[in-house]
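The points below may be read alongside the sequence and the model.

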Amino acid sequence: MYKISEIVQILHPNRTFITDPNSLVQHLFYDSRKIVQADNGVFFALQKSRDGHHYIKEAYDKGVRNFVLQIDEEQELLFPDANLIWVSDSLEAMQVLAAFHRQKFSFPVIGITGSNGKTIVKEWLYQLMSPEYKIYRSPKSYNSQLGVALSLWGLSDQYNLAIIEAGISEKGEMVKLENMIKPTIGLLTNIGVAHKAGFESKNEKIYEKINLFKDVETMIFPSRYVEDIQLPYRPRKFSWGLMKGFHWRFIPSSRWMISSR
């Protein structure tokens, strides 16, 4: 848990109205319909398809007393016993908080990205490795700008390995996700037609995806997607494909076989 006074220091807000600096925060809320344990949470008024500022009173009526707001309308006049934090961008504030929380943990973090297969690969890895590790993994398919922030908030000392999904739909998004996740191991699933509209070419999409691996120690990827790409980073690399010369080679036959280099 964090005190709301600590969150103020992390976010460097534009303005604050704090009535109880010792109020504890364990949960992040962004949807007034999904509020549980309201007295230990903070509501982020996000400006997405719906403006979260329209639901501040509903969250307040459910017991929330900590709020991160993007629009300053002197809400302290309506909620004089609440802790109010005004920032330039509520989603970015949540991401800053999530990035700070992630840096508290030194255990390995596997970052998975690709056009398809992120969630199933995450679940496979969890099943394979859970006998040896206490693994935290992204809930469901939480891999968006919001989903990754919520995922990282679940990290705790009870784990010694994390598997986090990262999904993007347009150029410039992966840098924000990498800044939060800071994976030590990177895994690329594939590059398909999903979210094609956000990119001018397949190579542009690949370059954007592999921004997740900027500081990884190890990168695992299907060779056919990066054959003509000069990888900008120098982690330890493991590639796989159907041809000779890769670290892992899949040999098609009546039954799939794998050979290693």
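Which residues in H1 meet residues in H3? The points below begin with this contact; the model is a predicted one.

1. **The contact of H1 with H3.** On the H1 side, the residues are Ile7, Ile10 and Leu11, and they meet Ala93, Val96, Leu97 and Phe100 in H3. By class, the residues of this contact comprise seven nonpolar, no polar and no charged.

2. **The angle between the two helices.** Helix H1 covers residues 4-11 and helix H3 residues 90-102; their axes come within 10 Å and cross at roughly 105°. Angles of 65 to 115 degrees count as roughly perpendicular, and H1 and H3 are therefore roughly perpendicular to each other.

3. **The five-stranded sheet.** An open sheet with mixed pairing is formed by five strands in the order S2-S7-S6-S5-S4. Its edges are strand S2 (15-17) and strand S4 (27-29); each has a single partner strand, so one side of each is left without a neighbour in the sheet. On average, and with direction ignored, neighbouring strands of this sheet are turned by 20° against each other.

4. **Strands S5 and S6, and the helix on the sheet.** Strand S5 (residues 41-44) and strand S6 (residues 66-69) run parallel and are joined by two bridges. Phe43 has Phe67 in S6 as its bridge partner. H3 packs on this sheet, where it touches S4, S5 and S6, and the direction of H3 makes about 145° with that of S5.

5. **Strand S10 and its partners.** S10 runs parallel to strand S8 (residues 109-113), and four bridges join the two; Gly111 stands opposite Ile164 in S10. S10 also pairs with S9 in the parallel sense, over three bridges, and Arg137 has Ile163 in S10 as its bridge partner. Between S9 and S10 the chain passes through helix H5 (residues 145-152), in a β-α-β crossover that is right-handed.

6. **The cover of S10.** Strand S10 spans residues 161-165, and five of its five residues are buried. In a regular strand the side chains alternate between the two faces of the sheet. Here Leu161, Ile163 and Glu165 lie on one side and Ala162 and Ile164 on the other, and both faces are covered.

7. **Ile135.** This residue belongs to strand S9 (residues 135-137). Is Ile135 buried or exposed? Its relative accessible area is 8%; buried means under 20%, so Ile135 is buried. Beyond its neighbours within four places in sequence, Ile135 is in contact with residues including Leu125, Met129, Tyr159, Leu161 and Ile163.

Terms used. Residues numbered from 1 in each chain as written. Predicted model: local features only at pLDDT ≥ 70, side-chain atom pairs only at ≥ 80, totals over all residues. Heavy atoms only, no water. Buried < 20%, exposed > 50% of the residue type's maximum accessible area, 1.4 Å probe, protein only. Contact = heavy atoms within 4.5 Å. Pairing = 2+ DSSP bridges. Right-handed = clockwise from strand over helix to strand, strands pointing away. Axes fitted to C-alpha atoms, helices over the stretch in contact; angles between N-to-C directions. Parallel < 35°, antiparallel > 145°, perpendicular 65-115°, else oblique. Nonpolar A, V, L, I, M, F, W, Y, C, P; charged D, E, K, R; others polar.
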